[in-house]
Amino acid sequence: METLSKICESEESIEPMLIFLGGGNMATALVDGAVKKGFVQKEQIAVTARSEVTLNKWRNKGYMHLSMNNREVLKKFPKALVFIAVKPQARLELFDQIRPLTQVCISLMAGVNLKVLDQELSGCDSSSHQPENPPLLRLHPNIASSIGAGASIISAQPSVSPIVLRVVRSFAECTGLCLPVDEETFDAAGTLAGCTPAWAFTMIEGLSDGGVLSGVPRYLSTQLVAQAVMGAAKLVLESGEHPGALKDKVCSPGGTTIAGIQQLEARGVRSGFIEAVRAANERAKAMTKKE
Ligand SMILES: NC(=O)c1ccc[n+]([C@@H]2O[C@H](COP(=O)([O-])OP(=O)(O)OC[C@H]3O[C@@H](n4cnc5c(N)ncnc54)[C@H](OP(=O)(O)O)[C@@H]3O)[C@@H](O)[C@H]2O)c1
């Protein structure tokens, strides 16, 4: 498999080193996955955090480039790729500490688009002349990245080189699927991938309740439903067939499955899903505006 070192061999402007500004849940999930797959070695990772408690968690797992001083780490690895892995509300304080940033920067922050990121990193408002930032990318993982089954999206400014794109995408693919998305679609796609696990948990719980009502013990019911949902998702991804066509294949005329589908349709399940996605997007937009 491709490794960070191998991809970086032919590119002098970057070194095979990844810096994570913020060492919380998402940084941990992504780095653990990439180390497990052999894409990076622990000595190729540097992590910063606000607290020693967090850094100690990394230290105990064998990581050695750990610091509470963001500027110092950036200075130590001037050609590394820098991931911004703090919560969006902590970013302005962080940007004040790291400006002017010279390394290629990949933001994991939900709801902060590339234009806003560019402006904020440069420290100027939109009306004034902006000093040049390094190339910027966004990567949006989801909760299942922590078990190697993530649905991530990536977008990049035109100035990002193909090699950098390859590095970031290969890194994200260590923890699941990673698809390129244009900036206009990014927030909607990120909301969809980010919220779907919770909607699927609700569906699994409901179907499992149905199993229990029919006499199936809870443990068995939940295991069977979860596995069936995973299998159905795999069939969609691996066959490339339309989900509607796959559904038709399971519905025999006058059979059990179509009887259940009729009940789901009578209760507006499909339109419920559509409305859930719309509501989540509206909420995401309102939250970004309020900031
Ligand atoms: N979690 C998800 O499912 C998910 C999905 C998509 C995108 N994201 C994005 O990923 C980012 C990280 O989320 P998370 O869930 O990993 O958050 P988290 O667990 O709260 O981690 C945030 C980390 O940032 C550190 N930090 C805060 N201010 C800092 C500073 N000035 N310098 C250095 N480190 C600083 C914190 O340090 P301490 O630990 O010492 O407090 C903590 O380690 C967010 O922007 C979020 O929008 C998350």
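Modeller: Happy to. One definition before we start: two strands pair if DSSP finds at least two bridges between them. And keep in mind that this is a predicted model.

Colleague: Which strands make up the sheet, and in what order?

Modeller: The order is β3-β2-β1-β4-β5-β6-β7-β8, an open sheet of 8 strands with mixed pairing.

Colleague: Why do β3 and β8 stand at the edges?

Modeller: β3 (65-67) and β8 (176-180) each have a single partner strand, so one side of each has no neighbour in the sheet. From one strand to the next, the twist averages 20 degrees.

Colleague: How do you know that β4 and β5 pair?

Modeller: Pairing needs at least two bridges, and 3 bridges join β4 to β5 (residues 105-107), so these strands pair. They run parallel. I84, for instance, stands opposite S107 in β5.

Colleague: What packs on the sheet?

Modeller: Helix α6 (residues 114-122) does, touching β5, β6 (136-140) and β7 (150-156). Its direction makes about 125 degrees with that of β6.

Colleague: Where does UniProt place the "binding site"?

Modeller: The unreviewed UniProt entry puts that feature at L21, G22, G23, G24, N25, M26, A85, V86, K87 and P88. Those residues are spread over 68 residues of sequence, yet they cluster in space, with a largest C-alpha distance of 14.0 Å.

Colleague: Why is M26 called buried?

Modeller: The cut-off is 20 or more other C-beta atoms within 10 Å. M26 has 24, so M26 is buried. You'll find M26 in helix α2 (residues 25-36). Leaving aside neighbours within four places in sequence, M26 is in contact with A85, L108 and P141.

Colleague: Which residues does UniProt list for the "Pyrroline-5-carboxylate reductase dimerisation" domain?

Modeller: Residues 183-287, again from an unreviewed entry in UniProt. Over that stretch the chain is 87% helix and 0% strand. The end C-alpha atoms of residues 183-287 are 18 Å apart.

Terms used:
Residues numbered from 1 in each chain as written. Predicted model: local features only at pLDDT ≥ 70, side-chain atom pairs only at ≥ 80, totals over all residues. UniProt positions renumbered as here; feature names shortened; annotations may be inferred. Helix = DSSP H or I, 4+ residues; strand = E, 2+ residues; numbered from the N terminus. Buried ≥ 20, exposed ≤ 12 C-beta atoms within 10 Å, placed from the backbone. Contact = placed C-beta atoms within 7 Å. Axes fitted to C-alpha atoms, helices over the stretch in contact; angles between N-to-C directions.
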